[in-house]
Amino acid sequence: MKAEWKDVRLNLIHPFTIARSTRTHYDSIILTLEYNGVTAYGEAVPTLRYDEDAGKVNAALASIDFDSEPFSDPFKLEDIDSACRTNPLMTPSAIAAINIAYWDLQGKLLGQPLYRLWGLDPMKSLVSTFTIGIDEIDVIKQKVKEAEIYPILKVKQGLDNDKEIILAIRELTDKPIRVDANEGWSKEEALEKIEWLAGQNVEFIEQPLPADKLDDTAWLKERSPLPIVADENSIVKEDIPKIAYAFDALNIKLMKCGGPTEALKMIHTARSYGLKIMLGCMCESSIAIGAAAHLSPLADWADLDGNLLLSNDPFRGIDIKDGKLLLPDKPGIGVEPIGVD
Ligand code: MG
């Protein structure tokens, strides 16, 4: 098994502000596997919120001997995942890069798209939201106009101008909005804002309170007129039994959980707790977005627009029509490089 990886800077079309940070670019590490003449791709986008950076991902990948068991066998995905999770140098997005690449490889070796490996109907892929970051009101309005082809908006909140942003969007469109506060509110503030947002054609609220305020979130869930979705509280499957009482749904992201193998386990665990499923993303290329898109027939909501926010996505193959994710009918993820160099 030949493995190579390289750092790629993903540039954003617009600077992207959420409740805790503003970014103009993200670091991505693209992993390429070669096995029996077949090339497969994975991707890590390290997240500062979870104490990761590109250096840690590079060190994690360098700690793997891809020629030894289980990594030398492209079908030993469970053992590969276990070996990654017991490696102290591993980080969640590095595990995701490896897991995504092995799924892509497995699909290509079997000649099947990922959705078929997972037994899913591509016609049941979801409509993705398009995300509007926090910004000056005139910039928000411009972004909403640029997002005209997307039927659902995800709007970042959690700073001082929350209502102003929603009212500015409502001057332009009545389309449904999903709100993400990124841990930016206190519980009383959250309840007051959610009661107001419920009258603004808002569908749900993602992570209103800090992840360490679980009991406050349960208090809020009891009173909220809108569903409450965990994101920063929902990392891996072991989190689900601990947080289920405080949320109505989970946002599952490949970069947090470590790839489709863990995401599938999270989806089934969450269903057993009666939770709804959202599939989300970081700002990622079409590799990781594509891998998540193939899972979307299993979810209720999708926020898989990370590649659409980029000015230099180095891969292509994942398209959207009227907001709906189109799953490529090609082996593996179905994406191809368009100039990584
Ligand atoms: Mg979120």
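Predicted model: local features only at pLDDT ≥ 70, side-chain atom pairs only at ≥ 80, totals over all residues.
Which residue forms a salt bridge with Lys187, and how far apart are the closest N and O atoms?

Residues are numbered from 1 along each chain as its sequence is written, and side-chain values use heavy atoms, with hydrogens and water left out.

The partner of Lys187 is Asp216, with the closest N and O atoms 3.9 Å apart. That pair links distant parts of the chain: Lys187 sits in helix α7 and Asp216 in helix α8 (residues 214–223), 29 residues apart. Helices here, by the way, are DSSP runs of H or I with at least four residues, strands are runs of E with at least two, and both are numbered from the N terminus. The pair counts because a salt bridge is a side-chain nitrogen of Lys or Arg within 4 Å of a carboxyl oxygen of Asp or Glu. By that rule we get 26 salt bridges.

Now, buried or exposed? Buried means under 20% relative accessible area, exposed means over 50%, and partly exposed is in between, using a 1.4 Å probe and protein chains only. Lys187 has a relative accessible area of 21%, so we call it partly exposed. Asp216 is partly exposed too, at 24%.

Next pair: Lys163 and Glu192 meet in a salt bridge at 2.8 Å, N to O. Lys163 belongs to helix α6 (residues 162–170) and Glu192 to helix α7 (residues 187–197), 29 residues apart. Lys163 is partly exposed at 31%, and Glu192 is partly exposed at 39%.

Let's stay with those two helices. The axes of α6 and α7, which are lines fitted to C-alpha atoms over the stretch in contact, come within 11 Å and cross at roughly 10°. Angles are taken between N-to-C directions and run from 0 to 180 degrees. Under 35 degrees counts as roughly parallel, over 145 as roughly antiparallel, 65 to 115 as roughly perpendicular, and the rest as oblique. So α6 and α7 are roughly parallel to each other. The contact, meaning heavy atoms within 4.5 Å, is made by Asp162, Lys163, Ile166 and Leu167 of α6 and Glu192, Lys193, Trp196 and Leu197 of α7.

On to the metal. Which residues are the protein donors of the magnesium ion? They are Asp180 (OD), Glu206 (OE) and Asp231 (OD), lying 2.1 to 2.2 Å from the ion. Donors are N, O and S atoms within 2.8 Å of the metal (3.2 Å for Na, K and Ca), and water is not among the atoms, so sites may look incomplete. Asp180 lies in strand β6 (residues 177–180) and Glu206 in strand β7 (residues 202–206), so the pair ties together parts 26 residues apart in sequence. Both Asp180 and Glu206 are buried.

Last stop, helix α12 (residues 286–295). Ten of its ten residues are buried, so α12 is largely enclosed by the rest of the structure. Among them are Gly290, His294 and Leu295.
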